[in-house]
Amino acid sequence: MASSKSVGKYELHHTLGEGAYGTVRAATDTQTSQKLAVKVLKKETLLREKMGNQVKKEIAILKMLRHPNVIELVELARRA
């Protein structure tokens, strides 16, 4: 089992799934104790595969969606 890691206000836990350009990890908001999932994108893969536009489309769609069976986009963050 992977150890917990903090990124900003989120404590990342175990991996929930992996895709072509990222990993989804279970997480906890350390300020509110809310349980959520965090998608961590692999910047090197995004650049190499020129997937920037695909990621931008996914973000735009998630910002518009409001449905009980679809995840809600809570926050976007960049790591330096």
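Glu58 and Lys39 form a salt bridge in this predicted model, their closest N and O atoms being 2.8 Å apart; the term covers a side-chain nitrogen of Lys or Arg within 4 Å of a carboxyl oxygen of Asp or Glu. Glu58 sits in helix H2 (residues 52–64) and Lys39 in strand E4 (residues 35–41), so the contact ties together parts that are 19 residues apart in sequence. Helices (H or I, at least four residues) and strands (E, at least two) are DSSP runs, numbered from the N terminus. Glu58 is partly exposed at 26% relative accessibility, and Lys39 is partly exposed at 41%. For these labels, buried means under 20% relative accessible area, exposed means over 50%, and partly exposed lies in between (1.4 Å probe, protein chains only).

A word on the ground rules: because this is a predicted model, local features need pLDDT of at least 70 and side-chain atom pairs count only at pLDDT 80 or more, while totals for chains, interfaces and linings use all residues. Residues are numbered from 1 along each chain as its sequence is written, and side-chain values use heavy atoms, with hydrogens and water left out.

The count comes to 3 salt bridges. Another of them joins the side chains of Asp29 and Lys9, at 3.3 Å from N to O. Asp29 belongs to strand E3 (residues 22–29) and Lys9 to the loop between strand E1 (5–7) and strand E2 (10–18), so this pair links parts that are 20 residues apart in sequence. Asp29 is buried, with a relative accessible area of 5%, whereas Lys9 is partly exposed at 27%. Glu49 and Arg48 also meet through their side chains in a salt bridge, 3.5 Å from N to O. Here Glu49 is partly exposed at 46% and Arg48 is exposed at 56%.

Now let us turn to the sheet. Four strands make an open sheet in the order E1-E2-E3-E4, with antiparallel pairing; two strands pair if DSSP finds at least two bridges between them. E1 and E4 are the edge strands, each pairing on one side only. From one strand to the next, the twist averages 50°, with axes as lines fitted to C-alpha atoms (for helices over the stretch in contact) and angles running from 0 to 180 degrees between N-to-C directions.

Follow the sheet strand by strand. E1 and E2 are joined by 3 bridges, and Lys5 stands opposite Leu12 in E2. Their hairpin has 2 residues between the strands, and Gly8 there takes a positive phi near 60°. E2 and E3 pair over 6 bridges, with a hairpin of 3 residues joining them. E3 and E4 are connected by 7 bridges, and Thr28 faces Lys35 in E4.
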